[in-house]
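User: I have a model open on my screen and would like to learn how to read it. Could you walk me through a few features?

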Amino acid sequence: MTTPVCTSASKPAAGSIAQTYPSFASYMQARRPVLLRTARSLTSNPSDAEDLLQTALTKTYVAWERIEDHRALDGYVRRALLNTRTSQWRKRKVDEFACDELPEPEPVPVADPAEQQVLKDAMWRAIMKLPDRQRAMVVLRYYEDLSEARTAEVLGVSVGTVKSAVSRALGKLREDPELSPVR
């Protein structure tokens with residue numbers, strides 16, 4: 001008849017690790033940090049590494065009486081770590097399924113470069129129709145990507161002037177008949 005290893009989760013029983021296998025307890029306490037580093041190298045999550053080490057040490061404890069050469073315990077535990085990790089890896093759920101046809105992504109419509117150039121030319125012609133000051137503000141704001149404050153600083157005007165002038169310029173660009181196909 002075998003004695004139980006532990007009768008409760010909080011208190012070890014009379015046949016616990018320390019009494020039944022005192023050398024296993026001392027081995028585990030001495031080598032746990034080194035073996036934990038090995039387990040961490042096999043997993044990406046520290047919690048998974050601790051679980052992996054616990055499983056490997058459980059397997060070692062179960063086989064303690066069969067292990068003849070206790071000088072090779074590190075090798076035995078490392079092999080248990082590797083085998084356990086390999087088993088976990090093999091059991092993982094596979095989310096890929098074989099199919100007869102490869103799914104092709106929907107083609108992304110590519111704008112015709114000639115049409116893009118026509119649009120750019122029309123935009124520049126419309127911008128060139130703007131008064132000099134409005135044209136400068138639109139170019140600085142939208143082509144040079146300056147903030148309203150920076151545009152005002154460059155042109156030596158107030159931020160309010162930039163806002164109102166750009167607003168009027170955009171209104172004129174919206175009304176330009178050359179840009180009507182864009183809308």
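Predicted model: local features only at pLDDT ≥ 70, side-chain atom pairs only at ≥ 80, totals over all residues.

User: How many helices and strands does the protein have?

Analyst: Helices (H or I, at least four residues) and strands (E, at least two) are DSSP runs, numbered from the N terminus. Here there are eight helices and zero strands.

User: What share of the residues is buried?

Analyst: Buried means under 20% relative accessible area, exposed over 50%, and partly exposed in between (1.4 Å probe, protein chains only). Of the 183 residues in this protein, 26% are buried.

User: Which residues of α8 are buried?

Analyst: An α-helix has 3.6 residues a turn, so residues three or four places apart point the same way. In α8 the buried residues are V162, A165, V166, A169 and L173. They sit on the same side of α8 because their arc around the axis is only 100 degrees, taken from the directions from the helix axis to the C-beta atoms. On the other side of α8, R174 and E175 are exposed.

User: What covers those buried residues of α8?

Analyst: Contact means heavy atoms within 4.5 Å. The cover includes α5, α6 and α7 (148-155).

User: Which residues form the nonpolar patch on the surface?

Analyst: Patches are made of residues with over 30% relative accessible area and no salt bridge; like charges are joined within 9 Å, and nonpolar side chains (Val, Leu, Ile, Met, Phe, Trp, Tyr) within 5 Å. A salt bridge is a side-chain nitrogen of Lys or Arg within 4 Å of a carboxyl oxygen of Asp or Glu. Accessible areas come from the Shrake-Rupley method with a 1.4 Å probe, and for residues only the protein chains shown count as cover. In this model, W124, M128, Y142 and Y143 form the patch, with about 440 Å² of accessible area together. Both α5 (113-128) and α6 (132-143) supply at least two of its residues each. W124, in helix α5, counts as partly exposed because its relative accessibility is 38%.

User: And what does Y76 touch, leaving aside its neighbours within four places in sequence?

Analyst: Y76, found in helix α4 (residues 73-91), is in contact with K59, T60, A63, R66 and I67. With a relative accessible area of 32%, Y76 is partly exposed.

Methods. Residues numbered from 1 in each chain as written. Heavy atoms only, no water.
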